[in-house]
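Me: I would like to learn how to read a structure like this one. Please take me through it feature by feature.

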Amino acid sequence: YYGFSNCRRSVSLQMCLLASIPALMALHRLQSELFFGFAACPNNSILAWVDFSSPAPTYPLCVRYVRNAVDFEVMGRGLWGECAQQYAVLQAVGLPGCLVLDIGANIGACTFMMAHLGYRVAAFEPLPMNFELLRASAKLNGFADVHDRSSPMGAVSINQLAVGDRPGPRHMLERYGNAG
């Protein structure tokens with residue numbers, strides 16, 4: 001607190017907050033190590049809690065700490081709004097236990113909500129950082145990376161692939177502030 005007060009007297013609030021990011025990230029990493037017994041999330045990411053995705057239980061998710069639309073919404077609001085829409089569709093067409101394809105899974109906010117609700121989820125995410133966050137979050141949530149069609153309810157398979165209308169290599173652009 002003393003350091004922040006001194007910072008605030010000499011520069012703007014935004015500059016003080018930016019200067020405090022490394023310390024906050026170190027505290028987040030320490031928190032996850034104390035809570036889980038290991039560094040839960042990959043480098044350049046932190047642990048967040050998705051706690052407003054009713055009817056799913058609260059669950060942990062690894063998110064980036066750099067500016068990104070999905071990650072910041074999960075950190076700030078405890079949810080990604082599109083998951084509720086996906087769940088509404090699932091309720092209309094499929095029962096828990098059925099296979100759900102999460103194409104463009106991003107960091108897994110909806111992937112793990114659906115898995116916690118009993119669906120078998122095949123998540124597809126080609127971007128390397130998103131894929132690493134998905135894998136770390138699967139471990140945190142106790143979902144083994146299962147690639148078996150007879151897998152139990154609430155299973156997740158994570159695939160580092162893009163899904164498109166034709167086979168073959170494609171270029172993918174990643175815009176700053178929207179990784180996926």
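Me: Is Asn106 buried or exposed?
Reply: First, the ground rules. This is a predicted model, where local features need pLDDT of at least 70, side-chain atom pairs count only at pLDDT 80 or more, and totals for chains, interfaces and linings use all residues. Residues are numbered from 1 along each chain as its sequence is written, and side-chain values use heavy atoms, with hydrogens and water left out. Buried means under 20% relative accessible area, exposed means over 50%, and partly exposed lies in between (1.4 Å probe, protein chains only). Asn106 has a relative accessible area of 9%, so Asn106 is buried.

Me: Where is Asn106?
Reply: Helices and strands here are DSSP runs numbered from the N terminus (helices: H or I, at least four residues; strands: E, at least two). Asn106 sits in the loop between strand S3 (99-103) and H5.

Me: What is the phi of Asn106?
Reply: The general idea comes first. Most residues other than glycine have a negative phi. Asn106 is not a glycine, yet its phi is positive, about 60°. Asn44 is another non-glycine with a positive phi, about 65°. Asn44 lies in the loop between helix H2 (13-36) and S1. With a relative accessible area of 47%, Asn44 is partly exposed. Gly118, which follows H5, also has a positive phi, near 100°.

Me: How many helices and strands does the protein chain have?
Reply: There are six helices and five strands. Along the sequence the pattern reads α-α-β-β-α-α-β-α-β-α-β. Of the 180 residues in the protein chain, 40% are buried.

Me: Which strands does the model pair, and in which direction do they run, parallel or antiparallel?
Reply: Two strands pair if DSSP finds at least two bridges between them. S1 and S2 run antiparallel and are joined by six bridges. S4 and S5 run parallel, with four bridges. Val121 has Val156 in S5 as its bridge partner.

Me: Which way do the side chains of S5 point?
Reply: In a regular strand the side chains alternate between the two faces of the sheet. In S5, Val156 and Ile158 point one way, while Ser157 and Asn159 point the other way. All of these are buried.

Me: Why is S1 largely enclosed by the rest of the structure?
Reply: Count the buried residues. Five of the six in S1 are buried, so S1 is largely enclosed. H5 is mostly covered too, with seven of its eight residues buried. Among the buried residues of H5 are Cys110, Phe112 and Met114.

Me: Which residues have the most contacts inside the largest nonpolar core?
Reply: A nonpolar core is a set of buried Ala, Val, Leu, Ile, Met, Phe, Trp, Tyr and Cys residues joined through side-chain atoms within 4.5 Å. The largest one has 38 residues, and those with the most contacts inside it are Leu61, Val63, Val74, Phe112, Met113, Met114 and Tyr119. Several elements supply at least two residues each, including strand S2 (59-64), helix H4 (82-93) and helix H6 (128-140).

Me: What does Met114 touch?
Reply: Contact means heavy atoms within 4.5 Å. Leaving out residues up to four places away in sequence, Met114 touches Gln86, Leu90, Val100, Asp102, Tyr119 and Val121. For the protein chain, take contacts between residues at least 6 apart in sequence: 55% join residues at least 24 apart.

Me: What about Phe72: where is it, and which residues is it in contact with?
Reply: Phe72 is in helix H3. A relative accessible area of 36% makes Phe72 partly exposed. Phe72 and Ala48 are 24 residues apart along the chain, and their C-alpha atoms are separated by 9.8 Å.

Me: Where is Gly142, and is it buried or exposed?
Reply: Gly142 is in the loop between H6 and S5. Gly142 is exposed, at 63% relative accessible area. Gly142 and Ala155 are 13 residues apart in sequence and 9.4 Å apart in space, C-alpha to C-alpha.
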